[in-house]
Amino acid sequence: MRLTQIKIGELTTPTNVFLAPLAGYSNAVFREMCYNLGAGLTFTEMVSAKALCRGSKKTEDLLYVTPTYGGLKACQIFGADHDYMRRACESEALAPFDIVDINMGCPMPKIYKNGEGSELLKNLDTAAMIISQCKKSGKTITVKCRIGVDESNYVTAQFAKMCEDSGADMLTVHGRTRDKIYAGEVNWREIAAAKNAVKRIPVIANGGIFCVTDAEKLMVKTGADGVMIARGALFNPWLFAEITGRDAGDKRGAVLRQIAATRETMGERFACVYMRKLAGFYVKGKTGATSLRLKLLNCKTTQELEELIADIDF
Ligand SMILES: Cc1cc2nc3c(=O)[nH]c(=O)nc-3n(C[C@H](O)[C@H](O)[C@H](O)COP(=O)(O)O)c2cc1C
């Protein structure tokens, strides 16, 4: 695909292939791994602006950044109250981040019932106020949205223009409606409509990229400036190397290093539960994947995981 840098406000990313925010998965170690494989920008999972303002330790832990991380740092926040959102942007907890992304696409009822996430697709005035207030914090502000709540009412072009007019520095469009959650075809026409509706800011296309050809196709069909990969990265973080033409390196070694680093930063219990699930994704499509996944899920410690992984050909 056409590889470029991306200018986001005053910042420049090394590639236009990004790792998506992924609740439960895009932790500091995974983000660094993807960055080193070629992801030009990586995002933390979404965190609540309100919880940040209230000093929640659990929320702050989700924002941990490894000291060796080499790239621009982006986090994602959600909320519907512009005051909390701005205060979150100005908080100490977000000080390490160069970019704050605003979640305007989350399809989970517990989020949108509070007017947050994808509910903002229906409330352009509230969304505009949130962006302009966050922008006052002096941070580089980006937005991630969907194309509408359902297919009877696409909002993409109007929403994209509103984001740009309100001061957003980049827009990522997940080309599905809220009611589809993560299933179904990606509507590349709507992503193209967002790209055509803005003049100044880059538009990133998201949805359904699982191989190099998918990335290439989405770029060509939408005319977007770059792509963002979510589930494709969980199955194959080396996809970033494949798309950007980097050497993927020793995959088994990388998984073993990932286990060790996750254990070091997040503790044995978390590392074991998280890595046996993620390694289960990594083996998808391999011969004997089902029995391998079962063996991975039965590992009780990271040491057992490491012993099993030492025999897997990734
Ligand atoms: C497990 C999981 C967690 C997600 N968490 C977030 C999140 O925290 N913030 C967000 O904006 N999107 C989140 N998403 C949506 C993805 O970022 C992405 O928009 C969506 O999965 C479509 O991309 P894909 O087809 O490449 O997976 C999540 C998706 C999944 C599957």
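Student: What makes the pair formed by the backbone nitrogen of E190 and the side chain of N187 a polar contact?

Tutor: A polar contact is a pair of N or O atoms within 3.5 Å, where, within protein, one must be able to donate a hydrogen and the other to accept it, and residues adjacent in sequence count only if both atoms are side-chain atoms. In this predicted model, the backbone nitrogen of E190 lies 3.0 Å from a polar atom of the N187 side chain, and the backbone nitrogen of R189 lies 3.1 Å from a polar atom of that side chain, so both distances fall within the 3.5 Å limit.

Student: How are the residues numbered, and which parts of a predicted model are used?

Tutor: Residues are numbered from 1 along each chain as its sequence is written. Local features need pLDDT of at least 70 and side-chain atom pairs count only at pLDDT 80 or more, while totals for chains, interfaces and linings use all residues, and side-chain values use heavy atoms, with hydrogens and water left out.

Student: Why is N187 called buried?

Tutor: Its relative accessible area is 17%, and buried means under 20%, exposed over 50% and partly exposed in between, with a 1.4 Å probe and protein chains only, so N187 counts as buried. N187 lies in the loop between strand 8 (170-174) and helix 8 (188-197), where helices are DSSP runs of H or I with at least four residues and strands are runs of E with at least two, numbered from the N terminus. Leaving aside neighbours within four places in sequence, N187 is in contact (heavy atoms within 4.5 Å) with I147, Y154 and G175.

Student: Why are F270 and Y64 described as partly exposed?

Tutor: F270 has a relative accessible area of 35% and Y64 has 38%, so each value falls in the range between the buried and exposed cut-offs. F270 belongs to helix 13 (residues 268-282) and touches N27 and T262, not counting residues up to four places away in sequence. Y64 lies in the loop between helix 3 (57-61) and strand 5 (73-78), and, with neighbours within four places left aside, Y64 is in contact with A28, R31 and T265.

Student: How do you know that helix 1 is largely enclosed by the rest of the structure?

Tutor: Eight of the nine residues of helix 1 (residues 28-36) are buried, and therefore the helix is described as largely enclosed. Among the buried residues are A28, V29 and F30, and the elements that cover the buried residues include strand 4 (41-48), helix 12 (251-266) and helix 13. At the start of helix 1, a side-chain oxygen of N27 reaches to within 3.2 Å of the backbone nitrogen of V29, and helix 1 is followed by G38, whose phi is positive, near 125 degrees.

Student: What makes the radius of gyration of the protein chain agree with that of a compact globule?

Tutor: The radius is taken over C-alpha atoms, and the globule rule is 2.2 Å times the number of residues to the power 0.38. For 314 residues a compact globule would have a radius of gyration near 20 Å, and the protein chain has 19 Å, so the two agree. Buried residues make up 57% of the 314 residues, and among contacts between residues at least 6 apart in sequence, 67% join residues at least 24 apart.
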